[in-house]
Protein chains: 2
Amino acid sequence: MAGLRERKKEQTRRRIAEVALRLFAERGFDAVTINEIAEAAEVAKVTLFKYFPTKESLVLQGVGEEDLAGIVAARPPGQSPLEALRAHYRAFATEPVVVAAVDRDALITQMRVIFDSPALSSGANDLLYGQRQALARVLAEEHDELTAALMAAQITASVLTLQERFFRHLVDGASLEEAGRHLVEDVELAFDLLRHGINH
Amino acid sequence: MAGLRERKKEQTRRRIAEVALRLFAERGFDAVTINEIAEAAEVAKVTLFKYFPTKESLVLQGVGEEDLAGIVAARPPGQSPLEALRAHYRAFATEPVVVAAVDRDALITQMRVIFDSPALSSGANDLLYGQRQALARVLAEEHDELTAALMAAQITASVLTLQERFFRHLVDGASLEEAGRHLVEDVELAFDLLRHGINH
DNA sequence: TACAAAAGCAAACCCGGTTCATATTACGTT
DNA sequence: AACGTAATATGAACCGGGTTTGCTTTTGTA
């Protein structure tokens, strides 16, 4: 049951995030102060920090939450880790369910804000760091440690590159459909490169 | 000619860095305050920040200064980018000239401090970000943009993994020679993987 | 109705980093 | 050797992100 308490909390949380995103989009991440956001969202500063641990998290929440290690761990028997990941991104590219459900403008605004701020880009980068280690741990079950670490590093780096290109298309004005079509091709290229190596 | 002015500057700079590294090693990066460092190094806070732009830079200076893009751009004709980079790291691993010149204990302490602090690890990570883009730009001369970006991402991620393992060996107590021997093998494995891909 | 838990809040505080106006120091010139 | 200038050093005040503390309000429950 969704009690009044929980509804209100969710509501407050969303209000803060929306206000923050709007202000960031208007004036840039660095030029907006936490106090301004709190004031505009009509909460105390300390309350804001109870919902969002850092200024960055106001924008980065929900970004890079994919569980690469989980995808590999849950793959059907007989499928290689790389095939499992390729299948996952293929599916994501051709049928971006999650994306379509969210407000498109908000998503694009979010991407633009992230791209425009080095602090946020770097923060988004960090989020993949944990994924990489988790993925390396899963891959270490069937490879030696160094190979697993290298594979994980290459895979996460490639995924990050794909994300960046997808978002860049959006930021540069492409529609969600156009960006999705690009992504479909890009995924295949990326995984082919991972699979067959750099010298063809 | 090295005037008194320049000598004093260099001296102050080194004193600050040494004091900072010692305090960080003793009590951890986060637990040491900029004011403490300034006080212990007998300079004003504002002076410290004239030498080092951020707290992180007190430890990260000199880390990740390799110029991947430059190595590729300067390679002899007929050599592939990957071969050029492999040759560079092979040479570095078998004959760590730079490393041998520096105080070993200080280097190892530095690595330990970096590894023990998420903020510093993430900062070291960021330093490779610029390298990656520069490398992608160079590679884009002979590949399409996506391929160049993916190659650069995979290469820098692999290099970072190699660095991490090298440093981890040192931090775990291996001698410089032992760590170097490991590195020699690791370099070959890493570049073979890059060259031939993940599925053999 | 009473009450404990959850949520919110204002104010003071800590720390990294910057600004500013003032002092000190090294260097080239006469 | 004395002097003027530019580089460097400094203390103090300030800013913004984030935390701590102690208190009030709100909400679910008995």
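Predicted model: local features only at pLDDT ≥ 70, side-chain atom pairs only at ≥ 80, totals over all residues.

User: What makes up the contact between domain 1 of chain A and domain 2 of chain A?

Analyst: Domain 1 of chain A brings 6 residues and domain 2 of chain A brings 8 residues. About 610 Å² is buried between these domains, with 82% of that given by carbon and sulfur atoms. On the domain 1 side, L21(A), F29(A) and V59(A) lose the most area, together 67% of what that side buries.

User: How many aromatic pairs does the structure hold, and why is the pair of F24(A) and F29(A) called tilted?

Analyst: There are 6 aromatic pairs over all chains. For F24(A) and F29(A), the ring centres are 4.7 Å apart, and a pair needs centres within 6.5 Å. Their planes stand at 55 degrees. Stacked would need under 30 degrees and edge-to-face over 60, so this pair is tilted.

User: How do you know that the charged end of K55(A) sits over the ring of F29(A)?

Analyst: The distance part of the test asks for a charge within 6 Å of the ring centre. The charged end of K55(A) is 4.6 Å from the centre of the F29(A) ring. In chain B, K55(B) likewise lies over the face of F29(B), at 4.6 Å from the ring centre.

User: What makes the relation of chain A to chain B that of a two-fold axis?

Analyst: Two copies of a chain are related by a rotation about an axis and a shift along it. Here the turn is 180 degrees and the shift along the axis is 0.0 Å, with an RMSD of 0.2 Å. That is why the relation is that of a two-fold axis. In chain A, the C-alpha nearest the axis belongs to G197(A), 1.7 Å from it.

User: How do you know that the copies meet through the same surface?

Analyst: Of the interface residues of chain A, 100% are also interface residues in chain B, so the copies do meet through the same surface. The contact joins 33 residues of chain A with 33 residues of chain B. About 3200 Å² is buried between the chains, and carbon and sulfur atoms give 58% of that. L146(A), Q154(A) and I198(A) supply 21% of the area that chain A buries there, more than any other three residues.

User: How many salt bridges does the rule find across the interface of chain A and chain B?

Analyst: The rule finds 4. One of them links R165(B) and E145(A), with the closest N and O atoms 4.0 Å apart.

Definitions and conventions
Residues numbered from 1 in each chain as written. Chains lettered and ligands numbered in written order. Heavy atoms only, no water. Least-squares fit on C-alpha atoms with pLDDT ≥ 70 in both. Contact = heavy atoms within 4.5 Å. Lys NZ or Arg CZ within 6 Å of the ring centre and 35° of its normal. Buried area = accessible area lost by both parts, 1.4 Å probe. Salt bridge = Lys/Arg side-chain N within 4 Å of Asp/Glu carboxyl O.
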